[in-house]
Amino acid sequence: MDKILEKFLRKRKLTIKNPEKYRKVYINNTKELNFYIEQGETKRGIPSNDKLPFFNWEVLNTELSIPRNYYEMDAQASFVDDNLLDLGKLSICLTYGYHLLMIENYNLKRFTHRFSREPLRLVSPTSVFQLSIAVILHNNEYACQIYTLFQAGYMKHWVNRSKSHIGDFIILLFDKVEGGNTLKPIVDDFAYQAILDNWDSTDLTEVTAFLNQLCDDQVAQVASPPSKMFFEFDNMNWQFTPYAALMLLTLRAQHGLENPDFEHPGFGNVTSLLLTQPVAPKKDEVLEQLVVKLHEQGFDEKALLA
């Protein structure tokens with residue numbers, strides 16, 4: 001583990017430069033968002049479908065995922081730099097990701113009717129981190145609405161899984177604690193069944209072991225080469241914030257359970273990152289204008305989920 005941790009920590013230092021590297025992509029994408037705000041459509045238009053025509057907003061994808069990624073990697077760089085969560089940046093990341101997932105949810109539930117097949121592996125495995133961020137920020141409304149996508153599609157293999165089980169854990173943990181415990185692992189030898197079964201343990205030694213397992217696995221997967229197929233940890237973001245472990249601690253705290261003072265050599269003191277109240281969404285002018293345009297075009301996430 002020492003060599004793996006050393007590799008992880010070397011990569012961790014480099015992540016501070018990621019927002020700067022990605023900023024040009026983010027700025028160019030802002031032009032695409034502004035085009036949509038002004039014209040009500042993307043430059044590429046919409047595909048034709050005789051069975052169920054597309055709304056213009058249904059094809060928004062990279063336009064939302066690019067700023068989502070940028071704000072997450074910017075928050076991640078801040079975390080690496082000072083070991084504190086940048087709540088404002090994570091809040092904006094979550095809001096972009098939330099609207100992206102609501103559009104994906106709408107598309108996926110209509111996919112079979114449009115194309116006469118199941119939407120297998122069309123949801124990015126990184127999407128599950130939006131669920132964990134919503135929990136960590138105590139945004140219960142967003143968390144529950146994001147969960148509906150995974151509730152509908154996880155066991156149908158809508159999510160493009162890697163060899164990691166961490167994404168499965170995030171979905172299944174929320175289902176176990178908040179979603180009615182209706183889902184089952186879709187992978188053999190699921191790595192975290194014991195954590196699910198004992199998420200509410202009062203044995204802090206046991207809980208510490210669970211947290212170490214989650215953090216050690218994330219460190220190993222981030223440090224692994226692309227050939228190992230942990231591709232949710234193979235990009236410029238999601239790698240160096242202990243989302244799964246922090247989500248477990250947050251859900252335990254929300255249910256009145258005591259947590260250990262947990263520190264990990266790859267992430268620092270994770271328990272100290274826990275929040276005690278919801279984080280007010282930080283304003284993003286472009287996103288606010290986009291949401292106004294979406295609502296003008298009939299997009300209503302709550303109605304679409306009904």
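The questions below cover the core, ring pairs, cavities, pockets and a few loop residues.

User: What kind of model is this, and how are residues numbered?

Analyst: This is a predicted model, in which local features need pLDDT of at least 70, side-chain atom pairs count only at pLDDT 80 or more, and totals for chains, interfaces and linings use all residues. Side-chain values use heavy atoms, with hydrogens and water left out, and residues are numbered from 1 along each chain as its sequence is written.

User: What is the geometry of the Y26 and Y71 ring pair?

Analyst: Rings of Phe, Tyr and Trp (its six-membered ring) pair if their centres lie within 6.5 Å; planes under 30 degrees apart count as stacked, over 60 as edge-to-face and the rest as tilted. The structure holds 19 aromatic pairs. For Y26 and Y71, the centres are 5.8 Å apart and the planes stand at 85°, so the pair is edge-to-face.

User: How many residues apart in sequence are the parts tied together by F129 and F233?

Analyst: F129 and F233 form a tilted aromatic pair, 5.8 Å centre to centre with 55° between the planes. F129 is buried at a relative accessible area of 3%, and F233 is buried at 1%. F129 lies in helix α5 (residues 128-136) and F233 in the loop between α9 (204-223) and α10 (243-254), so the sequence separation of the parts they tie together is 104 residues.

User: Which helix gives the most to the lining of the largest cavity?

Analyst: On a 1 Å grid over the protein atoms alone, a cavity is a set of points where a 1.4 Å probe fits but cannot get out; a pocket is an open set with protein on both sides within 12 Å along at least five of seven lines; lining residues have an atom within 4 Å of a point. There are 4 cavities of 30 Å³ or more, and the largest has a volume of about 80 Å³. Its lining includes P125, V128, Y154 and E232. The top contributor, with 3 residues, is helix α7 (residues 166-177).

User: How do the residues lining the largest pocket divide by type?

Analyst: The largest pocket has a volume of about 290 Å³. Of the 15 residues that line it, the closest to its centre are F54, E58, V59, N61 and N107. Ala, Val, Leu, Ile, Met, Phe, Trp, Tyr, Cys and Pro count as nonpolar, Asp, Glu, Lys and Arg as charged, and the others, Gly among them, as polar. The lining of the largest pocket divides into 10 nonpolar, 2 polar and 3 charged.

User: Which element gives the largest share of the lining of the second largest pocket?

Analyst: The second largest pocket has a volume of about 200 Å³. Its lining divides into 4 nonpolar, 2 polar and 5 charged residues. Elements giving two or more residues are α4 and α11 (285-296). The largest share, 3 residues, comes from α11.

User: What is the phi of N181?

Analyst: Most residues other than glycine have a negative phi. N181 lies in the loop between α7 and α8 (193-197). N181 is partly exposed, with a relative accessible area of 38%. Although N181 is not a glycine, its phi is positive, at about 55°.

User: Which residues does T182 contact, leaving aside neighbours within four places in sequence?

Analyst: T182 is in the loop between α7 and α8. At 45% relative accessibility, T182 counts as partly exposed. Its contacts outside that sequence range are Y147, Q151, M155 and D175.

Methods. Points joined across faces, edges and corners; volume = space filled by probe spheres on them. Helix = DSSP H or I, 4+ residues; strand = E, 2+ residues; numbered from the N terminus. Buried < 20%, exposed > 50% of the residue type's maximum accessible area, 1.4 Å probe, protein only. Contact = heavy atoms within 4.5 Å.
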